[in-house]
Amino acid sequence: MQSRNDIEIGSELPLLAVRDVVIFTDMILPLFIGRESSVAALEAASQLSSKQIVVVAQKDHRQDNPEPDELYRVGTVAQIMRQLRLPDGRVKILVQGLAKCRVTGFVSKEPYLKCSLELLEELPPPKDSVELEALMRNVREQSQRILSLRDVLSDEIVSLLESIDDPGRLADLVVSNMHVKVEDAQKVLETSDPMERLVLVNSILTQEFKVSAMQAKLDSEAREEMDRSQREYYLREQLRAIKRELGDEGSRDDEAEEYRLKLRKAKLPKEVAAEANKQLSRLEWMHPDTAESSIVRSYLDWIVELPWTAATRDHLDLAEAKKILDADHYDLQKIKDRILEHLAVMKLNRRQKGPIICFLGPPGVGKTSLGQSIAKAMGRKFVRLSLGGMKDEAEIRGHRRTYIGALPGRIIQALKTCGSNNPVFMLDEIDKIGSDFRGDPASALLEVLDPEQNSNFSDHYLNLPFDLSRVMFITTANFLDPIPQALEDRMEVIYLSGYTAEEKVAIAKKHLIPRLISDHGLKLSLLTFYDSAIQKVITSYTQEAGLRGLERKLAAICRKVARKVAEGEERLFKITKGSLQRYLGPPEVLPEPALTEGQPGVVTGLAWTEMGGEIMYIEVRTMPGKGNLTLTGQLGEVMKESAQTVLAFTRAHSARFGLDNDFYEELDIHIHVPAGAVPKEGPSAGASLLIALISALTGVPAPRDMAMTGEITLRGQIMAIGGLKEKALAALRAGIKKVVIPKQNLKDLEDIPQALRRKIHFSPVDNIEELLDLAFPEKSFNNRRLSSRLSRSRRSHPPAPERRVRPARI
């Protein structure tokens with residue numbers, strides 16, 4: 001038990017943490033208590049005969065349940081004078097500070113904080129000190145000046161300040177009534193020397209006076225501006241009355257009449273015209289300098305400038321449209337047919353709603369440029385909006401007019417810019433939309449891309465229905481997985497696969513090279529590319545499904561030629577296969593090393609990546625062990641399951657391959673898929689995994705000139721896969737002419753160009769028996785047939801979905 005001023009104070013008391021306030025000695029202050037721990041501490045203190053509680057400030061006011069280390073250690077022992085429970089569950093209390101104390105430890109933390117404490121002694125002030133007297137006088141004067149600037153100075157306050165002779169009490173009184181920062185008030189509380197405390201308070205008041213003076217200056221300027229605006233409004237109204245008497249109406253009438261003329265010319269829908277006239281009537285009665293009148297003007301400007309009824313005339317000549325599409329893009333026959341079909345339907349039914357098409361494919365295959373060609377073929381304007389990284393729903397729907405700087409969404413802005421309500425509108429990178437606390441733009445697009453709803457699309461800024469049904473929306477994406485299912489369901493997805501080397505050569509000769517020669521200031525008579533050189537650039541300097549890398553390499557050659565021409569060397573530059581290294585340096589893309597004969601346990605597999613297809617070797621090695629299966633090469637979960645399925649099938653049919661029933665008990669099997677730094681995922685490696693495992697166990701090498709792909713089941717069936725065209729291209733680039741594919745993928749051969757199909761022999765297989773016959777033609781595996789579970793007549797399974805989220809897809 002401790003005492004101060006004849007008041008007994010306990011050595012252990014409940015602790016109350018408060019925000020944004022520091023309580024000083026002799027200070028009476030009301031507090032509102034709402035936190036459960038604080039209410040529990042208050043109830044515990046109320047049960048004490050002294051009704052005492054320790055009040056300390058918390059360091060971070062945002063913390064709802066501060067820990068002991070988040071509280072200041074110096075506080076005030078206060079007495080609860082009065083308390084009242086409010087209807088909302090909070091408790092209002094009135095406390096008076098008794099003495100300063102230091103928290104020396106915490107006795108308990110639940111259900112409330114209880115602390116041990118020691119009282120802090122106040123040092124005596126120096127006697128007859130001139131400096132102390134000057135400090136006290138300066139603190140009184142600064143306090144009066146600050147209170148005067150705040151218009152709260154009264155005679156009672158002046159008398160109270162003059163009546164206090166104790167420097168410590170004066171410092172505490174001033175700080176507690178000036179609403180200073182908690183950090184500054186805490187420093188004053190923790191200072192025991194009255195002289196030092198006054199010096200600290202004086203510096204705080206000096207800064208506070210500067211802030212109060214600036215605040216008073218700003219308030220004065222605002223009042224003067226308001227008075228001037230009112231005076232100008234009065235004078236303008238008088239001037240308007242004078243001009244009306246003279247027969248000369250003012251500018252406000254001219255402005256209103258100008259808006260009326262614009263509204264009539266805009267040919268607005270009935271509902272829109274009614275809202276516009278209503279806003280114009282409001283504008284006429286507003287002061288022209290008010291903030292609201294500026295908002296109404298901006299709103300009317302948007303209404304009159306939007307293409308409510310303005311549209312371009314469609315070109316429905318199918319022959320001309322086909323000619324334009326063929327001139328701008330090589331091949332892509334399916335997409336061209338789809339556009340021509342839409343034009344044919346529009347020719348027969350002019351009220352046909354615009355389709356929602358999604359071009360899905362790897363980067364650089366021409367998705368965006370294809371949209372421009374479609375607009376050109378249809379005679380429509382082209383608008384492009386990139387959705388990549390968009391996270392705010394207001395980017396689509398717009399901001400409400402109540403916000404400062406509000407604007408319509410990007411859809412409405414783009415339509416205003418193009419001046420047509422039926423453009424070809426490309427929404428780029430729809431698979432890269434984000435979402436956060438501001439909303440989900442993908443959900444907002446559900447209305448935009450729904451032909452049944454977008455005829456009455458409502459932008460938050462306009463708050464009026466706008467017809468988007470005549471817009472031809474085209475979206476682009478690299479991957480389908482990130483697109484929400486509801487949004488995908490509203491679109492017709494058309495897949496653009498990568499180009500073959502022959503197609504890239506044709507595109508380079510027809511489109512890229514002539515444009516690059518012109519862009520670099522050259523002439524066709526100065527630069528010639530041989531087909532073999534273009535082929536070499538494609539295979540040795542780029543590795544992609546599209547054309548961007550090829551275009552960059554060709555541009556690099558053009559730049560080097562342009563430099564030589566600019567230096568005065570004018571001659572015909574012939575770019576041949578042998579001269580490429582002088583322009584581009586050594587080859588950047590090295591092919592996978594070719595397999596050699598006599599390598600049991602190694603099989604060529606095929607993989608799909610976002611850059612196209614690749615070959616991938618499956619390597620299996622066995623060694624004495626205890627039946628462990630090791631998988632390396634950054635294999636995904638699905639691929640690991642394929643390896644386990646292959647091992648289970650081999651064990652179940654070990655006699656079929658001339659193996660002991662318990663062969664796996666004394667062997668460790670290691671499956672590795674290079675390169676180890678590239679993640680790999682997908683089910684279609686099952687066929688190559690099986691052949692590699694059987695080859696390693698039997699010592700019979702698989703054919704080195706054969707690649708294979710296909711998912712297997714425990715029943716021995718070969719299921720369909722995706723990305724067949726890209727995988728076939730990869731095999732051809734590696735010089736492999738035999739490719740084993742699932743029989744269910746025969747339908748996909750139609751998507752592969754005829755020239756490519758002539759170069760590769762595709763061997764369709766329906767089950768593992770057929771696969772073994774192709775992989776080991778000289779081995780007598782086929783003499784012992786598998787059980788009836790390998791029946792050829794099985795249900796048709798859909799191709800395994802391709803998740804394009806990893807660099808390599810098996």
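Biologist: What is the strand order in the open sheet of five strands, and is the pairing parallel or antiparallel?

Modeller: This is a predicted model, and in it the open sheet runs E10-E11-E14-E9-E15, with parallel pairing.

Biologist: What makes E10 and E15 the edge strands?

Modeller: Strand E10 (382-386) and strand E15 (492-495) each pair on one side only.

Biologist: Now the rings. How many aromatic pairs does the structure hold?

Modeller: There are four aromatic pairs. One of them is Phe425 with Phe473, with ring centres 5.5 Å apart and planes at 35°.

Biologist: Why is the pair of Phe425 and Phe473 called tilted?

Modeller: The centres at 5.5 Å fall within the 6.5 Å limit for a pair. Stacked needs planes under 30 degrees apart and edge-to-face needs over 60, so 35° makes this pair tilted.

Biologist: What parts does that pair tie together?

Modeller: Phe425 lies in strand E11 (residues 424-428) and Phe473 in strand E14 (residues 472-477), so the contact links parts 48 residues apart in sequence.

Biologist: Are Phe425 and Phe473 buried or exposed?

Modeller: Buried is anything under 20% relative accessible area. Phe425 comes out at 0%, so it counts as buried, and Phe473 is buried at 0% too.

Biologist: What makes Phe663 and Tyr664 an edge-to-face pair?

Modeller: Their planes stand at 90°, with 5.6 Å centre to centre, and the edge-to-face label starts over 60 degrees. Phe663 is buried at 9%, while Tyr664 is partly exposed, with a relative accessible area of 22%.

Biologist: How do you know that Arg401 sits over the ring of Tyr299?

Modeller: Arg401 lies over the face of Tyr299 at 4.0 Å from the ring centre, and the distance limit is 6 Å. Arg145 passes as well, lying over the face of Phe209 at 5.2 Å from the ring centre.

Biologist: What is the handedness of the β-α-β unit made by E20, H21 and E21?

Modeller: Left-handed: E20, helix H21 (residues 637-652) and E21 make up that unit. Strand E20 (residues 629-632) and strand E21 (residues 667-672) pair in the parallel sense over four bridges. Within that pairing, Leu629 has Ile669 in E21 as its bridge partner.

Biologist: Last one: why is Leu370 called buried?

Modeller: Its relative accessibility is 2%, so Leu370 falls under the 20% cut-off and counts as buried. Leu370 has its place in helix H12 (residues 367-378). The C-alpha atoms of Leu370 and His329 are separated by 7.4 Å, with the two residues 41 apart along the chain.

Notes: Residues numbered from 1 in each chain as written. Predicted model: local features only at pLDDT ≥ 70, side-chain atom pairs only at ≥ 80, totals over all residues. Heavy atoms only, no water. Pairing = 2+ DSSP bridges. Helix = DSSP H or I, 4+ residues; strand = E, 2+ residues; numbered from the N terminus. Right-handed = clockwise from strand over helix to strand, strands pointing away. Phe/Tyr/Trp six-rings, centres within 6.5 Å; stacked < 30°, edge-to-face > 60°. Buried < 20%, exposed > 50% of the residue type's maximum accessible area, 1.4 Å probe, protein only. Lys NZ or Arg CZ within 6 Å of the ring centre and 35° of its normal.
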